[in-house]
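Work through the exercises below with the model open. Each task is followed by a solution in steps.

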Amino acid sequence: MSERPRLTVLSGPSGVGKSTVVAHMRKEHPEVWLSVSATTRKPRPGEQHGVHYFFVTDEEMDKLIANGELLEWAEFAGNRYGTPRAAVQEHLEAGVPVLLEIDLQGARQVRASMADAQLVFLAPPSWEELVRRLTGRGTEAPEVIERRLGAAKVELAAEPEFDVTLVNTSVEDVAGELLALMDVV
Ligand code: ADP
Ligand code: 5GP
C-alpha cells in the first residue's frame with residue numbers, strides 16, 4: 001500500500017544554509033517538490049519570479065491572505081512570506097514528496113493545521129559560524145543582518161519544538177539526512 005507522503009518542513013535561522021542544502025538536494029533528487037512561497041521582499045540578484053519566490057506587492061499579499069489561499073504566512077524581518085495552499089495539496093495528493101522551507105512562525109502554523117507534518121530544524125555548528133555565513137553571503141545591508149540575527153536568537157531557542165535537528169556542518173551530509181527523513185532514499 002502506498003501511503004500519502006508526509007509534508008516536511010525545514011526551518012532554521014536565516015543564514016544557516018537552508019537554501020544551499022535544498023538546492024544541493026534537488027540537484028540530485030528533482031522529484032522532491034519544493035513549495036514556492038509568495039513574498040513582499042524584493043528579489044536578490046539572480047532570484048527569479050516563480051522559481052525562488054512569487055514576488056508580490058503588499059496589496060497582492062493582502063488578497064492572498066484574505067482569500068484563504070495561503071497554508072500559512074508570517075512576517076519575517078520586515079517582509080511577509082506565505083505558502084500557497086493549493087499547490088501543496090495537489091502535490092501531496094499526487095504522491096509527491098513536498099518540502100516547505102519556512103520560518104519558525106510558519107512551522108508552528110503547519111504543525112497546528114497538519115498533525116502528521118514532519119518538522120526539521122537546521123542548526124548552525126555555532127553562533128559565530130551563523131554570523132559568519134549571514135554576513136559572508138553579502139546580500140543584506142548591515143541593519144538587515146542585525147534584524148535577522150535578532151530573529152535567529154528566537155529561532156534557535158525554539159529548536160526543541162521540532163521533531164528532528166540537523167546540524168549544517170556539511171551540505172552533502174545534511175542533504176542526505178534530509179532525503180532519508182523524507183523517505184526519498
Ligand atoms: P539560508 O537559506 O538559511 O538563509 P543560505 O543557504 O543562503 O542560508 O546560506 C548562507 C551562506 O552560508 C551562504 O553564503 C552559503 O554558501 C553558506 N553555507 C551554507 N551551508 C554551508 C556549510 N555547510 N558550510 C559553509 N558555508 C555554508
Ligand atoms: P529570505 O528572505 O532569506 O529568502 O527568507 C527569510 C525567512 O523567511 C527564512 O527563514 C525563510 O525560511 C522564511 N520563509 C520563506 N518562505 C516562507 C513562507 O512561505 N512562509 C514562512 N512562514 N516563512 C517563509
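**Exercise 1.** Which residues point one way from strand 1, and which the other way?

Solution. The model is predicted: local features need pLDDT of at least 70, side-chain atom pairs count only at pLDDT 80 or more, and totals for chains, interfaces and linings use all residues. Residues are numbered from 1 along each chain as its sequence is written, chains are lettered from A and ligands numbered from 1 in the order in which they are written, and side-chain values use heavy atoms, with hydrogens and water left out.

Step 1. Strands are DSSP runs of E with at least two residues, numbered from the N terminus. Leu7, Val9 and Ser11 point one way from strand 1, while Thr8 and Leu10 point the other way.

Step 2. Check burial, where buried means under 20% relative accessible area, exposed over 50% and partly exposed in between (1.4 Å probe, protein chains only). In strand 1 (residues 7-11), 5 of the 5 residues are buried, so the strand is largely enclosed by the rest of the structure.

**Exercise 2.** Find the strands that pair with strand 1.

Solution. Step 1. Two strands pair if DSSP finds at least two bridges between them. Strand 7 (residues 98-101) pairs with strand 1 in the parallel sense over 4 bridges, and Val98 is the bridge partner of Leu7.

Step 2. Strand 8 (residues 118-123) also pairs with strand 1 in the parallel sense, over 4 bridges. Here the bridge partner of Ser11 is Phe121.

**Exercise 3.** Trace the aromatic cluster that contains Tyr53.

Solution. Step 1. Rings of Phe, Tyr and Trp (its six-membered ring) pair if their centres lie within 6.5 Å; planes under 30 degrees apart count as stacked, over 60 as edge-to-face and the rest as tilted. The structure holds 4 aromatic pairs.

Step 2. Tyr53 and Tyr81 form a tilted pair, 5.9 Å centre to centre with 55° between the planes. Tyr53 lies in the loop between strand 3 (38-39) and strand 4 (54-55), and Tyr81 in strand 6 (residues 79-84), 28 residues apart.

Step 3. Tyr53 is buried at 17% relative accessible area, and Tyr81 is buried at 14%. The ring centres of Phe76 and Tyr81 are 6.3 Å apart and their planes are at 80°, so this pair is edge-to-face.

Step 4. Ring pairs link Tyr53, Phe55, Phe76 and Tyr81 into a cluster.

**Exercise 4.** Which atoms of Arg137 and Asn168 lie by ligand 1?

Solution. Step 1. A polar side-chain atom of Arg137 lies 2.8 Å from an oxygen atom of ligand 1.

Step 2. For Asn168, a polar side-chain atom lies 2.9 Å from a nitrogen atom of ligand 1.

Definitions and conventions
A polar contact is a pair of N or O atoms within 3.5 Å; within protein, one must be able to donate a hydrogen and the other to accept it, and residues adjacent in sequence count only if both atoms are side-chain atoms.
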